[in-house]
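Please open the structure in your viewer and keep the selection tool at hand. The tour below goes from one selection to the next.

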Amino acid sequence: SPANGAVVPSASQPITLTVTNGSATSGVAVTYTFEVATDVAFTSIVVSKDVPQGSGQTSVTLDVLAPGRDYYWHARTNSGNTAGTFSAPIKFTVGSAVTLGAPVPVSPATGTTADQKPTLIVSNVSRTGPVGAIAYRFEIGSTSSFATILSSGTVPEGSGSTSFTSTVELAPDATFYWRAQAVDATNNATSDYSTIQTFATTVGIDLTKVNYQRFVDISRWPVTDRVV
């Protein structure tokens with residue numbers, strides 16, 4: 001392994017090559033030579049490693065290869081001063097690298113107010129390469145260091161933008177910090193965090209619990225504006 005025609009995601013590197021042990025003269029130290037090239041004739045060898053024989057199978061772990069191209073590998077047995085014949089070339093492809101841009105905060109922006117269970121919104125990230133499903137992790141902290149996370153959650157990417165509503169009720173009339181990060185778990189790729197935003201929570205009144213007595217019950221009236 002990898003088998004002929006295998007496609008290996010770039011994020012899955014380093015790649016390990018494995019062969020079933022060949023036969024060799026008994027009592028002589030046996031090693032294996034592994035070669036990786038960018039052409040089937042092995043005129044452009046990018047990796048050549050000798051390793052001692054393992055038990056039943058022998059493996060070697062490669063350095064990280066350049067993404068987005070085809071490679072060929074083969075191996076041979078060495079017994080003492082005698083080199084065996086290389087195995088038939090096997091082709092594998094390292095997939096293109098996946099990169100994710102940082103999310104861009106939309107709301108609440110720095111200096112604005114929000115509910116005690118705020119909804120955080122970011123614009124979806126830019127991306128390159130064969131990305132998988134992207135999710136966004138949102139975090140709310142009491143300080144800009146995010147040493148203490150007060151509320152967090154991971155949600156799948158939305159259309160154009162992605163939002164998260166806190167399930168934790170934050171303290172009223174206080175300042176909080178939030179940020180978000182995009183994650184492609186399939187390719188083990190993560191973005192940088194968004195720029196940190198701050199917001200202040202407003203003091204809310206639950207109108208459904210007010211005793212109106214002789215006054216008009218306004219708890220079901222639609223909200224048409226807000227006073228900040």
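A residue is called buried when its relative accessible area is under 20%, exposed when that area is over 50%, and partly exposed in between, using a 1.4 Å probe and protein chains only. This is a predicted model, in which local features need pLDDT of at least 70 and side-chain atom pairs count only at pLDDT 80 or more, while totals for chains, interfaces and linings use all residues. Residues are numbered from 1 along each chain as its sequence is written, and side-chain values use heavy atoms, with hydrogens and water left out.

Next, select Asp184, where the side chain reaches the backbone nitrogen of Gly132 at 2.8 Å. Asp184 is buried but has no salt bridge, as the nearest side chain of opposite charge, that of Arg127, is 8.3 Å away (a salt bridge needs a side-chain nitrogen of Lys or Arg within 4 Å of a carboxyl oxygen of Asp or Glu; Lys and Arg count as positive, Asp and Glu as negative, and His and the chain ends are not counted).

Finally, select Lys49, which is partly exposed at 24% relative accessible area, and follow the side chain of Lys49 to the backbone oxygen of Thr61, 3.1 Å away.

Notes:
A polar contact is a pair of N or O atoms within 3.5 Å; within protein, one must be able to donate a hydrogen and the other to accept it, and residues adjacent in sequence count only if both atoms are side-chain atoms.
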